[in-house]
Amino acid sequence: MGKKGKYSFYVEDKALEVTERPRRFLEAFAAVLEHSNYGLPLEVYTRLSTKCSRCAASCQLYQTTGEDRDIPCHRSELLLKIFRRYFTKSGLLKARVFGGFTLTDEYLDELGEAVYRCTACRRCKSTCPMGIDHGLVTHLARWLLSEIDVVPKALLVATRVQLEGVGNTSAIPVPALKDTCEFLEEEFQDIYNRDDIKFPMDVEGAEYVFFPAVSDYLLEPDTLMGNAAVMHVTGGSWTIGTGNYDGINYGLFYSDRMMERIVKNVVAEVRRLGGKKILVGECGHATRSAWFASTFCGPDAPEVVNCLQYAWDQLRAGNIPLKEERIEERVTYHDPCNIARAGRITEEPREILNAICTDFVEMTPNRTENYCCGGGGGTVSIDEIRAFRTGLMGKRKAEQIRATGAKYLVSPCANCKKQLKEVCEDNGLDEVEVVGLHDLLLKVIDFDIGRSATDSKDAQAHAAKTEEGEGT
Amino acid sequence: MEFWLAWARGPAFLFAFSFMLLGLTRLVALTAWETARAMRRAGNKTLPYRQVLTATLKWLLPFGKLKDRLLLSLTSLTFHIAILIVPVFLAGHIALWARGLGISWPAIPNPLADVLTIVAIIMAVALVIQRAAARPTRALSRFQDYAIPLVVAVPFVSGFLAMHPLASPFSYEATLFVHVMSANLVFVLIPITKLSHMVLIPGVQLVSEVAWHWPPDAGSKVAVALGKENEPI
Ligand code: SF4
Ligand code: SF4
């Protein structure tokens with residue numbers, strides 16, 4: 001059992017027993033500064049930070065709590081202060097002459113608590129005149145803290161089972177994966193009367209190797225069926241690799257070290273199968289982590305395609321046959337920070353929703369300025385902080401959702417969906433149904449005029465089309 | 001007094017101004033060098049240039065950003081405009097440059113300079129008041145955050161008095177001495193305080209983007225450095 005001790009989240013015992021944490025933290029900091037590229041932003045931020053507090057108003061947490069410690073700049077200053085004192089010449093000099101700040105255990109505890117009161121959603125970055133990216137500072141601080149074992153147990157345990165145990169964060173063994181996929185294939189048979197829609201396993205040389213958030217196999221059958229249906233009607237060449245079928249990467253949330261290992265494992269699986277591209281399922285952070293493939297594996301790393309991009313390309317090309325009827329209930333869309341904040345995937349899902357729904361409404365603000373669901377940065381997996389997540393962090397989101405009056409709240413992200421379901425439950429939004437985008441797409445795909453994946457001519461024609469589509 | 005005034009306008013000014021120029025050059029060069037080095041080491045060498053450029057321009061010409069925090073934004077923007085225009089385009093300053101280095105450029109009319117000087121002073125005080133009045137800024141502020149706008153205001157106050165000796169309760173020489181020395185102080189502070197944002201801001205959006213471009217094996221190397229490469233998770 002984990003201990004809460006000094007933090008609002010559980011940590012493993014070793015986090016509470018260790019000694020000499022300040023020294024070890026600084027050693028880790030020095031190593032990271034030497035081998036990674038964080039020295040540059042820290043150096044610039046520490047000079048620039050003007051303490052104007054413009055960032056405060058943009059953070060969903062500060063808006064709700066109004067606590068000084070929740071001002072983005074205040075949190076980042078915690079790390080910048082350590083950097084300035086121990087890793088800049090003027091800081092070292094000042095300390096020698098005047099004494100002053102020394103890193104203590106208590107200070108590290110404050111930092112540990114603070115960086116998990118931020119979802120690293122990066123919303124505040126666009127409001128800082130000095131361009132300070134607090135998401136980056138939180139990201140780095142969490143890595144450094146993890147090197148002295150201050151890391152939420154939930155994230156640590158999931159990563160352990162992924163890298164050293166069963167091989168994925170939900171601990172789903174291969175036979176169970178196969179059972180699940182067979183079950184989903186039977187569902188296609190029972191509901192849609194189709195026995196040719198498959199979840200192909202270990203197909204060598206497939207164009208797309210599929211990496212959803214592995215939890216989808218437990219929690220989101222409709223999303224996965226939607227994925228399979230789209231691949232089927234478009235004749236896409238895809239496969240699930242039994243060597244690695246998990247797109248989740250908690251390394252993004254607490255350790256570049258872990259992140260590197262997890263991304264390399266994904267790329268290794270694509271290479272093992274002789275596949276061409278990484279197809280990421282409906283998951284924001286899995287997509288953003290996969291985008292780091294070229295960071296960790298160089299320029300020949302496989303291309304990364306999110307399933308929304310694939311679906312939109314195919315829909316636009318006329319390859320996804322739709323039924324006459326559309327979804328008539330009111331639908332709204334939550335932008336997952338990890339794919340939307342930098343403006344990388346914002347339009348595809350909207351185009352798809354506009355094509356399949358009659359009453360699509362936006363939340364405001366949206367796209368790159370969207371509010372985080374409140375469970376970003378891995379905090380959604382930390383069950384013991386649910387009240388904080390849904391009450392304080394997610395309150396703004398709840399208001400946004402309520403204002404739309406939507407029946408379906410679409411978010412193509414496993415993390416967002418879990419969080420949003422809890423936000424709705426805890427904020428009296430019982431009428432709202434939180435779904436993935438492929439769940440809705442599944443409802444309107446017309447299988448009867450859909451083409452068969454086994455028809456090789458069609459498949460080739462489609463493959464050719466897909467390639468054309470990529471340039472646009 | 002005359003000796004001291006000559007000293008302030010001569011060697012002291014020369015020192016302060018060169019200190020500023022060299023300091024800023026060093027900062028820009030270092031930052032550019034580090035940015036280039038980071039990209040050389042990065043595994044992914046592509047950058048979203050357009051996005052970086054848009055974000056940079058948005059903050060260099062922050063008119064679109066006025067609406068959030070309207071009062072503070074207006075105060076800050078007018079402050080910046082005034083303190084940039086007056087010292088550079090004051091006829092008296094240009095005459096000094098012409099005498100010293102033989103270069104000159106068009107000046108603004110003195111009455112306009114007067115108005116802008118008063119604006120600069122009022123805005124500096126307004127910035128400090130707003131900083132102290134709002135809870136979040138008060139919580140964040142360090143001593144230098146209050147001090148810097150006031151220090152920057154001193155050459156404007158003394159400059160105004162020097163331009164209007166009849167309105168000044170102090171002797172002309174003393175006023176001018178304070179003016180020159182406070183300006184010298186600002187020059188020295190520029191490269192070593194947050195005032196350096198005047199040269200760093202055009203690059204910071206790029207820096208924030210490059211910061212996410214890591215060397216391919218930074219993680220493994222850190223593991224080795226910490227002796228953790230074989231440690232179970
Ligand atoms: S907006 Fe930027 S400079 Fe201003 S307080 Fe926030 S982080 Fe600091
Ligand atoms: S939660 Fe988001 S908006 Fe708030 S401080 Fe963290 S990154 Fe900024």
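Where is the place of P365(A) in chain A?

1. P365(A) sits in the loop between β6 (360-361) and α20 (386-393) of chain A, where helices (H or I, at least four residues) and strands (E, at least two) are DSSP runs numbered from the N terminus. The peptide bond that joins T364(A) and P365(A) is cis, with omega at about -10°.

2. On the basis of the note: this is a predicted model, in which local features need pLDDT of at least 70 and side-chain atom pairs count only at pLDDT 80 or more, while totals for chains, interfaces and linings use all residues. Residues are numbered from 1 along each chain as its sequence is written, chains are lettered from A and ligands numbered from 1 in the order in which they are written, and side-chain values use heavy atoms, with hydrogens and water left out.

3. Residues from chains A and B surround ligand 1, so the site is shared between chains.

4. S53(A) lies in the loop between α3 and α4 of chain A, and it has a positive phi of about 65° although it is not a glycine. K51(A) is in the loop between α3 (39-48) and α4 (60-65) of chain A, and K51(A) likewise is not a glycine but has a positive phi, of about 60°. S53(A) counts as buried at 2% relative accessibility, and K51(A) counts as buried at 2%; buried means under 20% relative accessible area, exposed over 50%, and partly exposed in between, with a 1.4 Å probe and protein chains only.

5. From chain B, R69(B) is found in the loop between α2 (49-60) and α3 (70-89), and R69(B) is partly exposed, with a relative accessible area of 28%. Leaving aside residues up to four places away in sequence, R69(B) touches C52(A), S53(A) and R54(A), contact meaning heavy atoms within 4.5 Å. A polar atom of the side chain of R69(B) lies 3.1 Å from the backbone oxygen of S53(A).

6. Ligand 2 has around it C59(A), Q60(A), P72(A), R75(A), C118(A), T119(A), A120(A), C121(A), R122(A), R123(A) and C124(A). By class, its shell has 6 nonpolar, 2 polar and 3 charged residues.

7. W212(B) lies in the loop between α9 (197-210) and α10 (218-225) of chain B and counts as buried at 7% relative accessibility. Among the residues that W212(B) touches are R122(A), D133(A), H139(A) and F292(A). The side chains of W212(B) and D133(A) are joined by a polar contact of 2.9 Å, a term for a pair of N or O atoms within 3.5 Å; within protein, one must be able to donate a hydrogen and the other to accept it, and residues adjacent in sequence count only if both atoms are side-chain atoms.

8. A search of the whole structure finds 29 aromatic pairs over all chains. The rings of W212(B) and W214(B) have centres 6.1 Å apart and planes at 45°, so the pair is tilted; rings of Phe, Tyr and Trp (its six-membered ring) pair if their centres lie within 6.5 Å, and planes under 30 degrees apart count as stacked, over 60 as edge-to-face and the rest as tilted. One aromatic cluster is formed by Y38(A), W143(A), F292(A), F296(A), W212(B) and W214(B).

9. In helix α7 (residues 105-115) of chain A, 8 of the 11 residues are buried, so the helix is largely enclosed by the rest of the structure. Its buried residues, which include Y107(A), L108(A) and L111(A), pack against α2 (21-35), α5 (72-87) and α8 (134-146) of chain A.

10. S255(A) caps the N-terminal end of α14(A), with a side-chain oxygen 3.1 Å from the backbone nitrogen of R257(A). After α14(A) comes G274(A), whose phi is positive, near 65°.

Definitions and conventions
A residue is near a molecule or strand if one of its heavy atoms lies within 4 Å of it. Ala, Val, Leu, Ile, Met, Phe, Trp, Tyr, Cys and Pro count as nonpolar, Asp, Glu, Lys and Arg as charged, and the others, Gly among them, as polar.
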